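Please look over the structure shown here, with attention to its nonpolar residues and its aromatic rings.

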Amino acid sequence: MRSSDTHACFTIAITIWGLCLVRELKEFRAKLPEARVTMKQSWTPPTDPMLKLNFDTAFHAQSRQSSSGFVVRNAQGQVLGSGMVRNNFVSDPFMGEMLACLDGLRFATDMGFKNLVVEGDSRSTIVRITEMGRDRSAIGVYVEEIKQRARMFDKIIFRSVDRNANRVAHILAKARSTFNEDRFWVEDVPDMAVLVVKADCPIPVAPD
């Protein structure tokens, strides 16, 4: 084959490859908006008679403390209770997440709730809680207490969610450092979380 023919074949091959690459890039870009919507979840109310508990933690490495924030809402998005708790001798954020879940469940059982969806934005925490068998790791004692608490409910579901679907719990966890002691609210949240609760699930007001 002459060099000119070889060069022509090479040019055609490069052109075909380039066209295929352009087509693949267009297809990839077309999928991006849908992917962004999927990744950025928003808070959704549970289905009645389930209630939804969201929890989160704020970890403070220097003091080896964590702050738990949690909120319980019903199918109408109304707050049934919330709280913030400080924990000492916390080794890492993962332990803080586990303690936040436990603090939320303690509150829910104290309030007498029976049907609960539990959501947190740490997938590894939810996976560890829902694993079968006994957890013999350093945080196993908290995992086992969570499992024991879970048996107190008629129905309980654990889910991991996007951080955007967990904003109220995140605010409460961060805000614990501004209080001198643990705080709990019944059918309410502190002022700094009110607007986010309304944004999560705005409830229309009937006209007078």
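This is a predicted model: local features need pLDDT of at least 70, side-chain atom pairs count only at pLDDT 80 or more; totals for chains, interfaces and linings use all residues.

Residues are numbered from 1 along each chain as its sequence is written, and side-chain values use heavy atoms, with hydrogens and water left out.

**Nonpolar cores**
- A nonpolar core is a set of buried Ala, Val, Leu, Ile, Met, Phe, Trp, Tyr and Cys residues joined through side-chain atoms within 4.5 Å, where buried means under 20% relative accessible area, exposed over 50% and partly exposed in between (1.4 Å probe, protein chains only).
- The largest core has 27 residues, of which C101, L105, L116, V118, I146 and F158 touch the most other members.
- Helix α2 gives the most to this core, with nine residues; helices (H or I, at least four residues) and strands (E, at least two) are DSSP runs, numbered from the N terminus.

**Aromatic pairs**
- Rings of Phe, Tyr and Trp (its six-membered ring) pair if their centres lie within 6.5 Å, and planes under 30 degrees apart count as stacked, over 60 as edge-to-face and the rest as tilted.
- By this rule there are four aromatic pairs, one of them the tilted pair of F70 and F107, with 5.3 Å centre to centre and 45° between the planes.
- This pair joins strand β2, which holds F70, to helix α2, which holds F107, 37 residues apart.
- Ring pairs link F70, F107 and F184 into a cluster; F70 is buried at 0% relative accessible area, whereas F184 is partly exposed at 48%.

**Charges over a ring**
- A charge sits over a ring if NZ of Lys or CZ of Arg is within 6 Å of the ring centre and within 35 degrees of the ring normal.
- The ring of W43 has the charged end of K52 over it, 5.5 Å from its centre, and also that of R73, 3.9 Å from its centre.
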